[in-house]
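Below is a briefing on a single protein model.

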Amino acid sequence: MFRLPTKLSAAALLGASSVLITPVSSMAAASDILFVLDGSGSMWGQIDGVAKITTAKDTMTELLDSVAPDARIGLMTYGTTSKDSCGDVSLLNAIGSDRNAIKESIAGIKPLGKTPISTSLTVGISQLKASQPADTHKALVLVSDGIQTCEGDPCVAAGMGELFGVDMRVHVVGFDVDADARAQLECIAKAGKGQYFNASDTNGFVEAMNAVVEVAQAVEPAPEPEPEPVVEEEPAGPTITEFFREDFDGGELAEHWALENANPDNFIVEGGVLTLLSLSMGGFEAQEPENLFVYTGEMPKGDWDVEVTYTGEYNTHNDRLTIGLRKDEKNYLATQYRAIWTGGGCQKTMMNLTKVTTGKADSQERPFRSSLKGQCYHARPLGGEADWDALLADHMDMPIKLTLSKRGRGYTSKVEMIGFTDPDGNPYVLETDQYTSLRSPGTLSFQADRAKKDYASGEVLMMIDSIVINKVEQ
């Protein structure tokens with residue numbers, strides 16, 4: 001029988017009942033379990049007259065004795081050493097540490113700062129990936145009382161175990177959380193193929209911790225064999241027909257392009273390439289963006305794809321190329337690909353899809369490639385690459401193909417680097433979710449510029465090989 005922590009107040013104990021742990025001996029196997037305990041300042045908040053951190057520490061300390069003896073346990077926390085840092089993540093005990101040492105670490109946790117859940121999940125998943133043997137059942141158990149307060153998408157981070165090829169689960173216990181925090185924590189558990197447990201008071205927290213430990217040790221039964229597939233004819237895919245192609249042949253801009261806010265010194269058509277040079281800051285969001293190329297021809301009726309293929313240098317810390325449908329700076333729907341150094345030293349490239357209506361903007365971000373430097377754990381879909389200079393050199397040798405697609409009233413975008421593959425040798429392509437626009441957001445346009453950042457400087461140089469509009473018929 002699991003006992004409530006002995007340090008709880010009389011008010012907390014009033015009406016409390018003991019909680020039984022379901023025996024898991026028939027289901028449990030050797031497991032690696034990494035606990036991540038919230039050490040943010042909000043954990044000083046009280047439930048049943050006792051600080052949440054006290055309840056959490058006492059419960060976890062006693063609960064360690066209920067974990068199977070052959071399970072290997074580790075402990076992480078965040079927010080305990082700095083009030084303002086989003087990199088404040090600490091591995092207190094490596095997986096497989098002595099349980100008395102883990103109890104001492106739990107006792108020493110003192111909440112202080114922020115809630116960098118994305119970074120914590122990324123570091124934790126890396127620890128589980130490295131733990132041996134690789135085929136051991138692995139689980140990360142996150143205990144949090146609130147929503148992420150730092151940069152990054154914790155739902156994306158929670159799914160990195162599958163991307164790394166680690167057979168693991170991310171389980172989450174939410175302790176006294178509001179609706180927004182619960183939604184995010186449930187998303188983390190779902191993305192990590194785990195379970196979410198909600199606790200609104202002391203008894204609920206004890207029950208949730210008992211349940212999550214049981215689940216973390218459980219080995220899932222082998223799936224039943226699938227029935228023999230019924231061979232059916234594959235439905236015919238969409239018919240894609242080239243509607244318009246611009247290869248920039250000749251020595252000047254063709255007649256189906258208009259140029260707004262022209263600066264002739266900063267573009268040239270030569271050798272089948274449109275070369276763009278820019279020192280300006282402010283793209284589609286600017287009132288008068290420099291060298292905005294506007295397509296004056298017709299667009300296909302119905303569905304279509306617009307593809308721009310290009311190479312470029314990415315040396316200003318915020319170079320970008322944008323293509324989309326633009327009416328003015330307050331109304332457009334566009335995709336962009338850019339390279340960026342963040343304030344935390346993260347070096348990465350990414351794709352964005354942005355919708356702006358009457359000045360109100362919403363944007364989706366898809367990290368594409370990144371170096372191993374800086375605080376960008378959430379932005380490493382391939383686990384991080386060795387050298388930023390080598391990554392930049394790829395952009396001069398392997399063209400980027402950036403695509404904006406219309407299906408009905410929905411718009412999506414995707415990006416790939418031609419010749420660059422994932423670890424399995426497949427083309428590496430990222431795609432956004434859909435935005436809906438009831439009417440056309442504007443006229444097809446494109447532009448290269450340097451985004452507004454204090455640390456961005458230098459020239460943007462991009463070479464566009466082609467722009468293709470394809471008609472798509474389902």
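The 16 residues of α8 should span 22 Å at 1.5 Å a residue, and the end C-alpha atoms of α8 are 23 Å apart, which agrees. The model is predicted. The protein has 474 residues, and its secondary structure comes to nine helices and 24 strands.

**Burial of α8**

- Helix α8 covers residues 202-217 and is mostly covered, with 12 of its 16 residues buried.
- Among the buried residues of α8 are Gly204, Phe205, Val206, Ala208, Met209, Val212 and Val213.
- The buried set also includes Thr202, Asn210, Glu214 and Gln217.

**Packing of α2 against α8**

- Two packed helices are described by the angle between their axes and the distance between the axes.
- For α2 (residues 52-63) and α8, the angle is about 35° and the axes are 11 Å apart.
- The crossing of these two helices, α2 and α8, is right-handed.
- On the α2 side the contact is made by Thr55, Ala56, Thr59, Met60 and Leu63.
- On the α8 side, Thr202, Phe205, Val206, Met209, Asn210 and Val213 make the contact.
- By class, the contact of α2 with α8 has seven nonpolar residues, four polar residues and no charged residues.
- Phe205, Val206, Met209 and Val213 of α8 take part in this contact, and these residues are also buried.

**The seven-stranded sheet**

- Seven strands form an open sheet with antiparallel pairing, in the order β10-β13-β23-β15-β16-β17-β18.
- At the edges are β10 (257-260) and β18 (360-370), each of which pairs on one side only.
- Neighbouring strands of this sheet are turned by 20° against each other on average, direction ignored.
- Helix α9 (residues 388-397) lies across β16 (331-341), β17 (347-357) and β18, and runs at about 55° to β17.

**Strand β23 and its two partners**

- In the strand order, β23 sits between β13 and β15.
- Strand β23 (residues 443-450) pairs with β13 (residues 292-295) in the antiparallel sense over two bridges.
- Opposite phenylalanine 293 stands phenylalanine 446 of β23, while valine 294 stands opposite serine 445 of β23.
- Eight bridges join β23 to strand β15 (residues 319-328), and this pair also runs antiparallel.
- Aspartate 319 has arginine 450 as its bridge partner in β23.
- Strand β23 is mostly covered, with seven of its eight residues buried.
- In a regular strand the side chains alternate between the two faces of the sheet.

**Aspartate 176**

- Aspartate 176 is found in the loop between β7 (168-175) and α7 (179-191).
- Its relative accessibility is 33%, so aspartate 176 counts as partly exposed.
- Between aspartate 176 and serine 200 there are 24 residues of sequence separation, yet the two are 4.6 Å apart in space, C-alpha to C-alpha.
- Leaving aside neighbours within four places in sequence, aspartate 176 is in contact with Ile47, Lys52, Asp145, Ala199 and Ser200.

**Whole-protein figures**

- Buried residues make up 51% of the 474 residues in the protein.
- Of the contacts between residues at least 6 apart in sequence, 72% join residues at least 24 apart.

Terms used. Residues are numbered from 1 along each chain as its sequence is written. This is a predicted model: local features need pLDDT of at least 70, side-chain atom pairs count only at pLDDT 80 or more; totals for chains, interfaces and linings use all residues. Side-chain values use heavy atoms; hydrogens and water are left out. Axes are lines fitted to C-alpha atoms, for helices over the stretch in contact, and angles run from 0 to 180 degrees between N-to-C directions. Helices (H or I, at least four residues) and strands (E, at least two) are DSSP runs, numbered from the N terminus. A crossing is left-handed if the near helix is turned anticlockwise from the far one by less than a right angle, and right-handed if clockwise. Contact means heavy atoms within 4.5 Å. Ala, Val, Leu, Ile, Met, Phe, Trp, Tyr, Cys and Pro count as nonpolar, Asp, Glu, Lys and Arg as charged, and the others, Gly among them, as polar. Two strands pair if DSSP finds at least two bridges between them. The expected span of a helix is 1.5 Å times one less than its number of residues. Buried means under 20% relative accessible area, exposed over 50%, partly exposed in between (1.4 Å probe, protein chains only).
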